[in-house]
Amino acid sequence: MSADATSTTTVAEVVEFLKDQHTRIKDLLPTVLQASGPERATAFATVRQTLAIHEAFEQVVIHPHARADAGDGVVKDRVEEEEEAGEAIASLESLDVNDDSFHDAYAAFMLDVVQHAEHEEHKEFDNISHEFSADERDAIDRGFKLARTERDAPAADLTFAEMLTNAKQAIAG
């Protein structure tokens, strides 16, 4: 699938894009614990940046759109999981990435992220049925473009919260 939104961007294409991002995130998560020293810090920055862009896309476009099809309760539960993940990342950011306490907390975080992705795919994404508005497609286009750039060097000096805010602003336009 092309990562450029057009006037014909379908729900199926957006869901495919999000599921592909979930696969990328699942592949990236273990790289943090497989690395050590400065490489671990870089891997953690990459994971944070990828998650920030992904979550921003969902928060700006998907969650508001999905409420009509998946229901408020489903979306509310996903948002709560994302808030918990944001708190976990903030806690991880306060630790030395090479300490045992980071390793243990990050291992638990990885499991939560994978579980959250599965919840989103089956409870939220699979229930979206109505097409996107022109404004939503514009935001989708900005989100697709931002996701293509996330592979660039991460802004390691930013917190996850700052990365998320920046990504939301870029996607919202």
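Let's start with Lys 76, which is partly exposed because its relative accessible area is 48%; buried means under 20%, exposed over 50%, and partly exposed is in between, with a 1.4 Å probe and protein chains only. Lys 76 sits in helix H3, residues 72-93. From Lys 76 to Ala 155 the C-alpha atoms are 29 Å apart, and the two are 79 residues apart along the chain.

A quick word on what we're looking at. This is a predicted model, where local features need pLDDT of at least 70 and side-chain atom pairs count only at pLDDT 80 or more, while totals for chains, interfaces and linings use all residues. Residues are numbered from 1 along each chain as its sequence is written, and side-chain values use heavy atoms, leaving out hydrogens and water.

Staying in helix H3, we also find Ser 91. Ser 91 is partly exposed, given its relative accessible area of 40%. Its C-alpha atom is 9.8 Å from that of Tyr 106, which is 15 residues apart from Ser 91 along the chain.

Now the overall fold. The protein chain has six helices and zero strands; those are DSSP runs numbered from the N terminus, with helices being H or I of at least four residues and strands being E of at least two. So how compact is the protein chain for its length? Its radius of gyration is 16 Å, close to the 16 Å from the globule rule for 173 residues, so it is as compact as a globular protein of that length. That radius is taken over C-alpha atoms, and the rule is 2.2 Å times the number of residues to the power 0.38. If you like boxes, the C-alpha atoms fill one of roughly 45 × 30 × 25 Å along the principal axes.

On to the inside. Of the 173 residues, 43% are buried. Which residues touch the most other members of the largest nonpolar core? They are Phe 57, Ile 62 and Tyr 106, in a core of 44 residues. By core I mean buried Ala, Val, Leu, Ile, Met, Phe, Trp, Tyr and Cys residues joined through side-chain atoms within 4.5 Å. H2 gives this core its largest share, 12 residues. Beyond its neighbours within four places in sequence, Ile 62 has contacts that include Val 14, Phe 57 and Phe 132, where contact means heavy atoms within 4.5 Å.

Here's one I'd like you to look at on screen: Glu 58, in helix H2, residues 38-70. Is Glu 58 buried or exposed? Glu 58 counts as buried, because its relative accessibility is 0%. Leaving out residues up to four places away in sequence, Glu 58 touches several residues, among them His 22, Glu 82, His 116 and Glu 120. Val 32 is 26 residues apart from Glu 58 along the chain, with 24 Å between their C-alpha atoms.

Then there's Gln 21 in helix H1, which counts as buried at 12% relative accessibility. Not counting residues up to four places away in sequence, Gln 21 touches His 54 and Ala 147.

Last, contacts across the whole chain. Among contacts between residues at least 6 apart in sequence, 85% join residues at least 24 apart. That's my tour, thanks.
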